[in-house]
Amino acid sequence: MAGMPRMRLPVAVVALVVLAVLPEAATAEDDHAGGPLGFDLNAATIPDLQQRMAHGRLTSVELTTAYLHRAESVEPKVHSIVAVNGHALAEAAASDARRRAGHLRGPLDGIPVLLKDNIDTRDLPTTAGSRVFHGSRPQADAHLVARLRRAGAVVLGKTNLSEWANFRSTHSTSGWSGVGGQTNNPYVLDRNPCGSSSGSGAAIAASLAQVAVGTETDGSIVCPAGANDIVGHKPTLGLVSRTGVVPISAEQDTAGPMTRHVVDAAITLSVLQGRDPADPATRNIPAGQPTDYAALLRPGALRGKRIGVWRLSGVDAGVDRVVGESVAVLTARGATVVDVDLPYQDVVNDNELPALLTEFRRDLGGYLAARPGAPDTLADVIAFNERDPVELSRFGQELFEQAEAAPAPTDPVYLERRRTATDAARRSIDETMDRHDLDAIMAPTNGPAWRTDYATGDAFELGSSTPAAVAGYPNVSVPAGYAGPLPIGISFFAERWADAKVLALAAAFERAHPAYQPPAFIPSIG
């Protein structure tokens with residue numbers, strides 16, 4: 001973006017690294033994902049890649065190099081990556097050495113992963129998109145990053161996000177940050193990628209990594225998944241540790257996988273999940289919670305199930321058509337479909353934001369106190385933004401100012417708002433499922449991506465994320481169709497700890513209705 005400092009992909013450095021290790025045939029410009037490897041990375045799953053590596057037809061170094069090379073070609077159109085790990089190829093080489101020695105660490109060993117730039121990494125900047133963190137680095141990896149590294153994943157780099165996870169302004173534009181500028185939707189480049197995990201969604205859609213990790217408070221995994229035609233899983237609250245993740249609210253925040261295939265999300269979730277003494281929410285993980293979600297995916301998972309359909313109809317004709325087609329897929333695969341309307345949504349909506357304002361100031365203060373070289377308080381961040389030439393150049397910081405003035409966490413009004421929001425969200429799902437004897441609820445994830453416009457901000461019209469987000473229940477979005485060239489996803493959500501069930505339903509839907517198509521990077525549409 002003209003006139004605005006950007007933390008961009010270090011093109012020259014990456015190019016030198018890539019050219020040093022790629023075979024000669026792979027150095028040519030190639031917009032087809034995986035072309036230098038001789039197969040299509042868009043279609044390849046983690047099991048496919050592991051099979052190739054097991055049979056000596058692929059190495060982690062070759063795979064990582066191919067993704068870095070593709071980023072060189074595609075990233076100038078998408079602007080989804082803000083930092084590249086200079087040790088990525090060394091990590092890939094270490095994985096290859098483990099494979100040769102017969103010491104693989106599991107199905108993520110050697111697989112390139114991108115991380116949203118609000119997830120702490122000891123060897124890469126973590127900024128939450130804000131210039132206030134320039135010069136400050138976390139002392140340690142986030143708990144989930146440590147789990148990824150122990151599993152052998154190759155940390156490829158960090159992705160752009162809607163600054164502060166889209167909790168700074170009432171008129172924000174998703175995908176913009178002071179650090180990374182504007183991320184574009186790879187399907188139509190002047191359309192918005194949704195947020196706040198904008199860069200993670202766009203990067204996976206553009207095949208710049210096999211897996212990304214996003215975060216969600218309400219919609220920030222599933223909306224960019226839907227808008228960018230990928231799979232996004234928001235886990236049950238407490239399944240994945242939040243330690244080392246820049247927070248909005250401990251009552252709703254979670255990290256989760258964003259992938260092109262449900263099986264990859266299931267494999268990644270199996271690594272991400274786990275108890276963390278520093279995150280009390282993880283103590284509640286049931287003893288019987290699955291540890292290998294991919295093993296539970298079955299082609300016939302829809303047969304005999306009762307699925308409630310929350311259509312949200314009448315907002316967009318393209319969405320209505322995609323939902324109708326999705327219902328037909330469910331019934332053709334043996335599911336019983338019941339139309340439902342979730343109650344209490346006004347109660348949830350009236351209480352969620354006021355509760356989040358108090359929680360943001362509380363939880364951000366705790367994060368800043370543990371971050372070397374960071375501002376001390378939210379008030380310090382507000383003051384920095386007022387002085388900085390970039391931070392307020394596109395939109396304001398109204399939510400920051402409201403959070404600074406919000407009631408204390410001990411305030412009875414706040415406590416009642418949080419109790420009311422969470423209770424109403426849980427009842428909206430639980431009572432609907434009980435009343436209709438449902439296995440899960442399906443709803444459209446998103447409407448067609450809007451044109452990015454800083455004058456008007458996000459033109460958000462349709463979404464289904466709030467009940468599961470505020471309840472802390474699992475929600476997975478899977479590609480379902482298109483409104484013109486713009487992707488539409490559908491979401492499956494259900495009761496607490498039902499992550500295995502919603503992933504199995506999403507995988508069966510994906511198998512019956514493989515809607516994903518690679519992006520064409522169309523500059524604009526009318």
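This report describes a strand pair, the nonpolar cores, and the pockets and cavities of a predicted model.

Residues are numbered from 1 along each chain as its sequence is written, and side-chain values use heavy atoms, with hydrogens and water left out. In this predicted model, local features need pLDDT of at least 70 and side-chain atom pairs count only at pLDDT 80 or more, whereas totals for chains, interfaces and linings use all residues.

Helices (H or I, at least four residues) and strands (E, at least two) are DSSP runs, numbered from the N terminus. Strand β12 covers residues 475-483, and nine of its nine residues are buried, so the strand is largely enclosed by the rest of the structure. Buried here means under 20% relative accessible area, exposed over 50%, and partly exposed in between, with a 1.4 Å probe and protein chains only. Two strands pair if DSSP finds at least two bridges between them. Strand β7 (residues 231-234) runs antiparallel to β12 and is joined to it by three bridges; within this pairing, H233 stands opposite V476 of β12. Strand β13 (residues 486-493) is also antiparallel to β12, with eight bridges between the two, and P487 of β13 is the bridge partner of Y482. β12 and β13 form a hairpin with two residues between them, and G484 in the turn has a positive phi of about 65°.

**Nonpolar cores**

A nonpolar core is a set of buried Ala, Val, Leu, Ile, Met, Phe, Trp, Tyr and Cys residues joined through side-chain atoms within 4.5 Å. The largest such core has 122 residues, among which L144, L148 and F492 touch the most other members. Helix α16 (residues 499-512) gives the most to this core, namely nine residues. Leaving aside residues up to four places away in sequence, L148 touches L108, V113, L115, A153, V213, V271 and L272, where contact means heavy atoms within 4.5 Å. A second, separate core of 23 residues includes W164, F167, A374 and A403.

**Pockets and cavities**

On a 1 Å grid over the protein atoms alone, a cavity is a set of points where a 1.4 Å probe fits but cannot get out, and a pocket is an open set with protein on both sides within 12 Å along at least five of seven lines; lining residues have an atom within 4 Å of a point. Grid points are joined across faces, edges and corners, and a volume is the space filled by probe spheres set on the points.

| Space | Volume | Residues nearest the centre |
|---|---|---|
| Largest pocket | about 930 Å³ | N166, D218, E352, F460, T466 |
| Second largest pocket | about 520 Å³ | R242, T243, G244, V245, Y367 |
| Largest cavity | about 80 Å³ | N118, A165, T215, T217, D253 |

The lining of the largest pocket has 13 nonpolar, 20 polar and three charged residues, and that of the second largest pocket has twelve nonpolar, six polar and seven charged. Ala, Val, Leu, Ile, Met, Phe, Trp, Tyr, Cys and Pro count as nonpolar, Asp, Glu, Lys and Arg as charged, and the others, Gly among them, as polar. The structure holds four cavities of 30 Å³ or more.
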